[in-house]
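Q: Could you take me through this structure? I would like to start with the fold and then look at one residue.

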Amino acid sequence: QQVHLNIGQRWLISLPPEEQTERLFDVIGQLNRGRQLLTEDAERQTLIQLNLKAAKRAVTVTIAYDLADICLQICRELLPADSWRTCYELTLKIYTLSAEVAYLQGKWDAMDALALIIAQQAQDTLDTVTVCALQVEARTINGQFLEAIAWGLRCLSKLGIEFPKQPDNQDFQAYFQDTQQLLAGRPATDILSVPHNSSPHHRAL
């Protein structure tokens, strides 16, 4: 382990940034093998960031989901026990990407387990939107359409949007009338020129 750690640290110091990026998987491969010997928080944080960077690259560039999964497992292992309190944004990124990778691998139970942790620890409802969408899509893919609808309604409810579970003609008529009132007397050009709503809440919807 010490040899691998020394090699990884030497590469981290000596390689120029471009070559370090090109050889990222080699560098973290060595560092990960020696990670049990890391004693400084700063060293562990550096390795977390490198593994997170490698996981993102594995997903977007090489489509190596298993490798991304390994990198993210190491990220979660290296996080401090109170990471949801002390480094919330980083922890949220790691767990959200972990859920996305589990979804891409078709590991539905793992995805749901990670999503549950995020739901329990999230400081803002908006922080759960990505994994909520994954849970809806996963159930749709598996033909569990009623469950997908239930999950979608649950997610919308968290964002303040309520729909009846079994809408009838009266509900549709009411929504139609509301829409007509909103559009009454407004030409199409006015509607097309309405600026995009940039609030995080509306973007999530």
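This is a predicted model: local features need pLDDT of at least 70, side-chain atom pairs count only at pLDDT 80 or more; totals for chains, interfaces and linings use all residues.

A: Residues are numbered from 1 along each chain as its sequence is written, and side-chain values use heavy atoms, with hydrogens and water left out.

Q: How many helices and strands are there in the chain?

A: The chain has 13 helices and zero strands, where helices (H or I, at least four residues) and strands (E, at least two) are DSSP runs numbered from the N terminus.

Q: And why does the chain count as more spread out than a compact globule?

A: Because its radius of gyration is 23 Å, well over the 17 Å from the globule rule for 205 residues. The radius is taken over C-alpha atoms, and the rule is 2.2 Å times the number of residues to the power 0.38. Those C-alpha atoms fill a box of roughly 75 × 40 × 30 Å along the principal axes.

Q: What percentage of the residues is buried?

A: Of the 205 residues, 29% are buried, with buried meaning under 20% relative accessible area, exposed over 50% and partly exposed in between (1.4 Å probe, protein chains only).

Q: Changing topic: where is Gln49 found?

A: Gln49 lies in helix H4, which covers residues 41–60. Its relative accessibility is 42%, so Gln49 counts as partly exposed.

Q: What separates Gln49 from Tyr175?

A: Their C-alpha atoms are 48 Å apart, and the two residues are 126 residues apart along the chain.
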